[in-house]
Amino acid sequence: MRELSVRIRFTNASLGNEKDPKTGRFKFQRSPGPSGKILFLATWHQANMKLAAEMMGRHYETVKKIFWDIEIDGELKEKCLARCYYKKTPKGRDRWSTHESLTRGQSISINCVVPHDIDDEDFWTLLQIAGKYKGLSPWQPGTYGQYEVVSIRPRRVITPPHIDADKENTI
């Protein structure tokens, strides 16, 4: 297993889905506490990876062993509200709702732990497929939140200290 940080860039907006009873706007789910980071649930990633593995024709079982950090590394831009038009009234007027959004062109990072059975090239391909066809958006995935992969890099590099057991450590 290796811990990776995936940087993605949205090709269309990702919209929040949790309605604020005070304002009527839809917000992203957030982690409790002062950090209040945006949450993308692990089940969303798992569904995306399942679809991508099926389309790629391999890693069907291995993608189930990927662990996802639900807190994303990304901040909402100021005035990040988007209108989502969803139907017309009988009189022909558009109905819409207001959503917090991660905007088109905005990049975020997602952390995960990936089995060694999936090499970096295959992982990149899986993510590209998931981003193109399904995306990451709490509001209507598959319609909003499509993305492209910018980078995949190790999250931590752990180098064990070199200790020669036959010698005493002296200063």
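In what order do the 4 strands of the open sheet stand? They follow the order 5-8-1-9, and their pairing is antiparallel. Strand 5 (67–68) and strand 9 (147–154) stand at the edges with a single partner strand each, so one side of each has no neighbour in the sheet. Here two strands pair if DSSP finds at least two bridges between them. Helices (H or I, at least four residues) and strands (E, at least two) are DSSP runs, numbered from the N terminus.

Trp-68 has Cys-112 of strand 8 opposite.

## About the model

This model is predicted: local features need pLDDT of at least 70, side-chain atom pairs count only at pLDDT 80 or more, and totals for chains, interfaces and linings use all residues. Residues are numbered from 1 along each chain as its sequence is written, and side-chain values use heavy atoms, with hydrogens and water left out.

## The whole protein

The protein has 2 helices and 9 strands. Of its 171 residues, 38% count as buried, where buried means under 20% relative accessible area, exposed over 50%, and partly exposed in between (1.4 Å probe, protein chains only).

Helix 1 (residues 42–56) has 15 residues and reaches 21 Å from its first C-alpha to its last, close to the 21 Å expected at 1.5 Å a residue; the expected span is 1.5 Å times one less than the number of residues. Which residues of helix 1 are buried? They are His-45, Asn-48, Met-49, Ala-52, Ala-53 and Met-56. These cover an arc of only 135° around the axis, which puts them on the same side of helix 1; the arc is that of the directions from the helix axis to the C-beta atoms.

The buried residues of helix 1 pack against strand 5, strand 8 and helix 2, with contact meaning heavy atoms within 4.5 Å. Helix 2 (residues 120–133) lies across strand 1 (2–10), strand 5, strand 8 and strand 9.

## After helix 1

Just after helix 1, Gly-57 takes a positive phi of about 85°. Further on, Thr-62 sits in the loop between helix 1 and strand 5. Is Thr-62 buried or exposed? Its relative accessibility is 14%, so Thr-62 counts as buried. Leaving aside neighbours within four places in sequence, Thr-62 is in contact with Pro-115, Asp-117 and Ile-118.

Note on methods:
Axes are lines fitted to C-alpha atoms, for helices over the stretch in contact, and angles run from 0 to 180 degrees between N-to-C directions.
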